[in-house]
Amino acid sequence: MLIRSVNCGNRVLHRIRREYHTSTDYMYIQRSQIPTMHFQASLPRLPIPKLELSCERYLAAQKPLLAEEYYRKMEADVIYFRENSGVELQTLLKKEDKKNKHTSYISEPWFDMYLRIRKPLPLNFNPVIVFQNDERDKYNNQLTRTSNLLISSLRFYKSLKAGILEPEVFHLNPKKSDNKNFRLICSLMPSSFSWYAAYLLKAYPLDMSQYPSLFNSTRIPEIDKDRFFTSPSARHILIQRKGHFYVFNVFDAAGDIIAPDVILAQLKYILDDNILPDKHPIGILTTLERNKWAVLRHKLESLGNEDNLKMIDSALFNICIDDDDIGGDLYKLSRIFLHGDGKNRWFDKSFSLQITGDGVAGVNFEHSWGDGVAVLRYFQDIYKDSTQNPFVHPETIPCYDHVKTVRRLDINLDDSLKEEIRSAITAYKLTCDSLDVNFTELHGIGRKVCKKHSISPDAVMQMSFQAAYYKLHSTFVPSYESCSTAAFKHGRTEAIRPCTTATKTLSVGMYKDKKTPAEIKALVSECSKVHMQLTREAAMGQGFDRHLYALELLSNKLERRENIFEDPAYKALHNNIISTSTLSSPAVRAGGFGPVVENGLGISYVIKDEYIGTLVTTYPQQNGRDFIGALNKTIDNIIQAL
């Protein structure tokens, strides 16, 4: 229902709009039969792997990276640990885990680890996901798209708060289980048993404990360890425009979403503000090293900005409205959404919606509170809702009744802070300029051809990364692929180690030994089998990385020096030269993140039926352009061999 309100003061129109904007069709993005958190009570707990299996898997990950003599020495240390001190640490870990049955053994230490790291957030931690454009060009108008994405986000939030957002469930066979019968059966089951009912129907509910942290949340810098702030009662949205901050309430006193034409008017009011760009935008300070930013934030508070900062911190989320036009320039798109110039950003918010001048939109999110599963679910739901069920149309007339509620935050600065801001702008520009961004798009290649030959598409990409790196450098390096453990209560992620003896054999065979296509095909098949096994283990909480990390923390707590953790090879394995992540969704146009180490590659990739897109970020120590060339050659070699 579209109300074109010419005179919002008209009593009849007020009544019509009130009935419209308080209707359940407008309030909620979903009205799930199964309560949102219905499965949480019965979700299985993240298992602690057997010590001997983690040691075995750790050795397997190290083997392709080390010379034989060094490997044998390390193997002896691992065996000693497995049979002696490791046994005691494993017992202590299990004991601690039994005391905390409400969570997982990795959840708190992983969160703590993120909050303690002092590196700046952009490029080091905050990833980005970019939406596909709306298929209807006129809905990509910046104001129209911002309005619809905001409304869909509020509808998502309302459904989450009301407990009627669909639970996140992985259906092994969607045609058989993703239906009304499944929802009816599971909704009738008590929460303490509901997961088992879904399991019997070959569906796997996923942990949703991170979802509330999407909204009203901010990571606040403090000396040595940041803190995570939430304010569930806040009703306002934060808008950044030209480095300035604006806020307005998006819920009325009854907790209902304000009308679409009112939201449209308030956003238009901000877009039409002809104020000059802020000469001293404090958003740039969120690009700093965390201790440095903590000191400056406390100074900001002391200058009378405490209430302003509270408005920023407590806002539902942030919307960054930019002037840049993207067009079809993927290079420009990647840079604007991944880092921008930092002046119109607040990287500390749980997530920020970013919208360019021509309506290209994306999500940049802070990583301490959660992982890609929660963000991707939000991302997909609001993309679908905003494109298939928009509440603002190009012809919608704004209602200006409430634009006076829009407030621009006035920030108080002294000369020393202005100088710090100028310095931060210069330093951030140098960092961003040193980052190289390269991408490749391959059409006609994707899931279909891999499925035809019974090869895992993800395995093809991972073995290609390994072989491409070997082609350029004639060596193998620590590599990482993120895998969600959301199948378990308070699961986070586990590492897949894609550099294996199988990928090493393939790489050498392809570029040194010049194996025949038939031999390459057999090696590709073996790589796929190994990778699929590693993926299964990681997803089921049977990787070794998080387990050994938890044991290492216990060892440190007891002030012990274990050879396995003191070994340079152990530390080197976590210096991930090749860091990778994939997002596969029809809503995703692109994704990306920075290299996790100075001499590394940050590789984000999308695999579709007949398309592969890869974005690679590097600093000067690596040549991303050469890597893309070697990657394309490697993928072509593999496809030709199949």
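This is a predicted model: local features need pLDDT of at least 70, side-chain atom pairs count only at pLDDT 80 or more; totals for chains, interfaces and linings use all residues.

Reader: Into which domains is the protein divided?

Author: A domain may be built from separate stretches of the chain, as here: domain 1 is 51-106 + 436-641, and domain 2 is 127-162 + 215-434. Their C-alpha centres lie 34 Å apart.

Reader: How many residues of domain 1 are in contact with domain 2?

Author: 25 residues of domain 1 are in contact with 28 residues of domain 2. Another way to describe an interface is by area. About 2,100 Å² is buried between the two domains, and carbon and sulfur atoms give 59% of this. On the domain 1 side, Arg492, Ala587 and Arg589 supply 33% of the area buried against domain 2, more than any other three residues.

Reader: How many salt bridges are found across this interface?

Author: The rule finds one across the interface of domain 1 and domain 2. For a salt bridge, look at the distance from nitrogen to oxygen: between the side chains of Asp371 and Arg492 it is 2.9 Å.

Reader: Which residues have the most contacts inside the largest nonpolar core?

Author: They are Tyr58, Met74, Phe81, Leu285, Leu333 and Leu551, in a core of 70 residues. Helix 15 (residues 415-434) gives the largest share, six residues. Both domain 1 and domain 2 give residues to this core, so it lies between them. As for Leu333, if residues up to four places away in sequence are not counted, it touches Val130, Ile326, Val360, Arg589 and Ala590. There is also a second, separate core of 60 residues, which includes Leu214, Tyr246, Leu271 and Phe391.

Reader: Is Gly491 buried or exposed?

Author: The cut-off for buried is under 20% relative accessible area. Gly491 has a relative accessibility of 2%, so it counts as buried. Gly491 lies in the loop between strand 13 (479-484) and strand 14 (493-496). Leaving out residues up to four places away in sequence, Gly491 touches Ser104, Asp207, Gln210 and Thr485.

Reader: In what sense do strand 4 and strand 5 pair?

Author: In a regular strand, side chains alternate between the two faces of the sheet. Here strand 4 (residues 217-220) and strand 5 (residues 227-230) pair in the antiparallel sense, over four bridges. Ser217 stands opposite Thr230 in strand 5. The hairpin has six residues between the strands, and in it Asp224 takes a positive phi near 75°.

Conventions: Residues are numbered from 1 along each chain as its sequence is written. Side-chain values use heavy atoms; hydrogens and water are left out. A nonpolar core is a set of buried Ala, Val, Leu, Ile, Met, Phe, Trp, Tyr and Cys residues joined through side-chain atoms within 4.5 Å. Buried means under 20% relative accessible area, exposed over 50%, partly exposed in between (1.4 Å probe, protein chains only). Helices (H or I, at least four residues) and strands (E, at least two) are DSSP runs, numbered from the N terminus. Domain bounds come from an automatic or database domain assignment. Contact means heavy atoms within 4.5 Å. Two strands pair if DSSP finds at least two bridges between them. Buried area is the accessible area (1.4 Å probe) that two parts lose on being put together, summed over both. A salt bridge is a side-chain nitrogen of Lys or Arg within 4 Å of a carboxyl oxygen of Asp or Glu.
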